[in-house]
Amino acid sequence: MSNSLLTKNALARSLKKLMLARPLNKITIQQLTADCGVTRHTFYNHFQDIYELLGWVYRSEVIEDLEPYRCCAGWKQGFLSVLRYTVSNKTICLNTFHSLGREHLEQFLYGVIYGVMIRVVEELDGQERAREGQEQIPEQGRSQARQDIADFYTLAILEQVIHWLKAGANTDPAEMVEKVARIMEGSIARGLEHYQAAAAHPVQ
């Protein structure tokens, strides 16, 4: 492990430790570096501010493990792993959510969910394209359809997660995953079909 990664990990541990005891927006660079035993200069060699460090924590602890689940067969398990991470780190995640870091958390969650959803939509679109007799839609139109549908479902799921966080993240994550799955079952494929049919036969 490189010295840079060792330092980042040390700073991450100190940040998570401090977040257990105080709001994120009350944590200073001085407090963080004192706890970690490094200089301010060392901190700024790696991160612009505490929010960038927090984003790195979430990316390294969540996103890197999601790659196998970016598909139709695995998205539920990927979603569940994100929610279970939130439960395991509830104090830290809720600290972020209830502080000035909420926007950063929402942006992070949007990116995580969209990264999975766009792969699911692309996979389903590939299946649709393989169907016999389907009219061919220009690739630009198909790409826009995939992006719009992935964005729609990402925002819908994100709102469910935000509601869950507002309630204290106390309900079983598996229940939320199953609820979302029931709603989404078949609806993405139908959305692609309708979107692309409209693109193939635009209203004059």
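This is a predicted model: local features need pLDDT of at least 70, side-chain atom pairs count only at pLDDT 80 or more; totals for chains, interfaces and linings use all residues.
In the protein chain, confidence is lowest in helix α10 (residues 187-200), with a mean of 72, and highest in α2, with a mean of 96. Over the protein chain, the mean pLDDT is 86, and 88% of the residues reach 70 or more.

**The overall layout**

How many helices and strands does the protein chain have? There are 10 helices and 0 strands. If you follow the protein chain from the N terminus, its elements run α-α-α-α-α-α-α-α-α-α. Of the 204 residues, 42% count as buried. The accessible surface of the protein chain comes to about 11,300 Å², and carbon and sulfur atoms account for 52% of that. Now look at the contacts between residues at least 6 apart in sequence: 72% of these join residues at least 24 apart.

**The nonpolar core**

Next, let's turn to the inside. The largest nonpolar core has 59 residues, and those with the most contacts inside it are Leu15, Leu53, Phe79, Leu165 and Ile188. Helix α7 gives the most to this core, with 11 residues. Leaving aside its neighbours within four places in sequence, Phe79 is in contact with Ile157, Val161, Met176, Val177 and Val180.

Now move to helix α2 (residues 29-36), where you will find Thr33. Is Thr33 buried or exposed? Its relative accessible area is 5%, which is under the 20% cut-off, so Thr33 counts as buried. The side chain of Thr33 reaches the backbone oxygen of Gln30 at 3.1 Å. Setting aside neighbours within four places in sequence, Thr33 also touches Val38, Thr39, Arg40 and Phe43.

**Salt bridges**

Charged side chains are worth a visit too. The count of salt bridges comes to 7.

| Pair | Distance, N to O |
|---|---|
| Asp35 and Lys17 | 2.9 Å |
| Arg70 and Glu67 | 3.1 Å |
| Arg102 and Glu106 | 2.6 Å |

Start with the salt bridge between Asp35 and Lys17. Asp35 lies in helix α2 and Lys17 in helix α1 (residues 3-19), so this pair ties together parts that are 18 residues apart in sequence. Asp35 itself is partly exposed, with a relative accessible area of 29%.

What separates Arg102 and Glu106 along helix α7 (residues 102-129)? They are 4 residues apart in that helix, so about one helical turn lies between them. Arg102 is partly exposed at 28% relative accessibility, and Glu106 is partly exposed as well, with a relative accessible area of 23%. Some salt bridges also share partners, and in this way Glu67, Arg70 and Arg119 are joined into one network.

**Putting it together**

Helix α2 is a handy place to begin your own tour: it has the highest mean confidence, at 96, it holds the buried Thr33, and its Asp35 forms a salt bridge with Lys17 of helix α1.

How values were computed
Residues are numbered from 1 along each chain as its sequence is written. Side-chain values use heavy atoms; hydrogens and water are left out. Helices (H or I, at least four residues) and strands (E, at least two) are DSSP runs, numbered from the N terminus. Buried means under 20% relative accessible area, exposed over 50%, partly exposed in between (1.4 Å probe, protein chains only). A polar contact is a pair of N or O atoms within 3.5 Å; within protein, one must be able to donate a hydrogen and the other to accept it, and residues adjacent in sequence count only if both atoms are side-chain atoms. Contact means heavy atoms within 4.5 Å. pLDDT is the predictor's confidence in each residue, from 0 to 100. Accessible areas come from the Shrake-Rupley method with a 1.4 Å probe; for residues, only the protein chains shown count as cover. A salt bridge is a side-chain nitrogen of Lys or Arg within 4 Å of a carboxyl oxygen of Asp or Glu. A nonpolar core is a set of buried Ala, Val, Leu, Ile, Met, Phe, Trp, Tyr and Cys residues joined through side-chain atoms within 4.5 Å.
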